There are 2 protein chains.
Amino acid sequence: MAKTKKLCAFLLRFLAFGATLSAAIVMATSRETTTVFNVSYEAKYSNTPAFKFFFIANAIGSVYSLIVLLLPLWGELRRFVMVLDVIVTMLLTSGVSAALAIAYVGKKGNSHAGWLPICGQVTDFCDHVTGALIAGFAGVIIYLLVLLCQSIHTVFNPLLVLKT
Amino acid sequence: MAKTKKLCAFLLRFLAFGATLSAAIVMATSRETTTVFNVSYEAKYSNTPAFKFFFIANAIGSVYSLIVLLLPLWGELRRFVMVLDVIVTMLLTSGVSAALAIAYVGKKGNSHAGWLPICGQVTDFCDHVTGALIAGFAGVIIYLLVLLCQSIHTVFNPLLVLKT
């Protein structure tokens, strides 16, 4: 039972590592050069602060997931990791939400503010960002599962915490 | 000791209720009519999906905080609330991040995407949104404290969970 639980936790963290790493890589490689009215224009993620924040959040998330995967977790360290999990989950949620809000404006525009959609001009860039957002969203869901498993586990079986 | 802890938890939840309620109200009342080139134009929060999401997230957060304040928490309910706390914190984080990303474009614009800043035309609206974001941010910090207190409390004192 304890082995299954450990395997499950390992698997979740491994998936979280994969999701956050791909989100960071796909976002970092999203760039497209297009020509509008004879003016060459390069769309890249680093032009938008929200996309940069998304990249940084997912880079931190993947490094953190890898460290937690490699470290043996017991005692004080295990407790510290539970607190860090909450913070990393919030960081990832924040990154995905900010990037999603900007990507929505890029896709649909906002006629009230006079912001035109740009996805018609830079289709590849938008597809790349969409991919990164999907991976980032998967990372958030996996971390939510990690958090929920932990609170359910520690709250429902408070005595098990010291044993496992 | 248990009484101090309970008072502290009550105070945190009360502050969270205040912060999320003010964030929702300030966002909902943010509207300004301005005239640009003889065309009357009304800026309001409901024109921007991210601001609507922020309002909904904070409205849900304040109703939830109020319910938790009023209900006596023990046994199963207490455990359920701990799981809901994680979800509400993520919802609030998500709302603030999305609104902040859009507010940043409203303030600074994004020259690469051709989105012009609008805060010069609708100063009052922008001030209102800034106020709402500050209150929303306070709500997130308070919920983060609630979560961290809970994980530190349950993880460091697993035996106390059943007693209090």
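**Annotated spans, a helix face and a loop asparagine**

In the unreviewed UniProt entry, the annotation "transmembrane region" is placed on residues 53–74, 86–106 and 132–156 of chain A. The structure looked at here is a predicted model, so it's handy to see what the chain does in those stretches. Residues 86–106 of chain A come out as 100% helix and 0% strand, and here the end C-alpha atoms are 30 Å apart.

Over in chain B, helix α2 takes in residues 49–70, 22 residues in all. From its first C-alpha to its last it reaches 32 Å, close to the 32 Å expected at 1.5 Å a residue. Quite a few of its residues are buried, among them B:F51, B:F54, B:Y64, B:V68 and B:L69, along with B:A50, B:A57 and B:G61. B:N58, B:S62 and B:S65 are buried too. Looking down the axis of α2(B), the buried residues fall within an arc of 170°, so they line one face of the helix.

Back in chain A, A:N47 sits in the loop that runs between β2 (39–44) and α2 (49–70). Its relative accessibility is 15%, and because buried means under 20%, A:N47 counts as buried. What does A:N47 touch, leaving aside its neighbours within four places in sequence? The contacts are A:E42 in chain A, plus B:N110 and B:H112 in chain B. As for A:E42, its backbone oxygen is reached by the side chain of A:N47 at 3.5 Å.

Methods:
Residues numbered from 1 in each chain as written. Chains lettered and ligands numbered in written order. Predicted model: local features only at pLDDT ≥ 70, side-chain atom pairs only at ≥ 80, totals over all residues. Heavy atoms only, no water. Helix = DSSP H or I, 4+ residues; strand = E, 2+ residues; numbered from the N terminus. Buried < 20%, exposed > 50% of the residue type's maximum accessible area, 1.4 Å probe, protein only. Polar contact = N/O pair within 3.5 Å; in protein donor to acceptor, adjacent residues only side chain to side chain. Contact = heavy atoms within 4.5 Å. Expected span 1.5 Å × (residues − 1). Arc of directions from axis to C-beta. UniProt positions renumbered as here; feature names shortened; annotations may be inferred.
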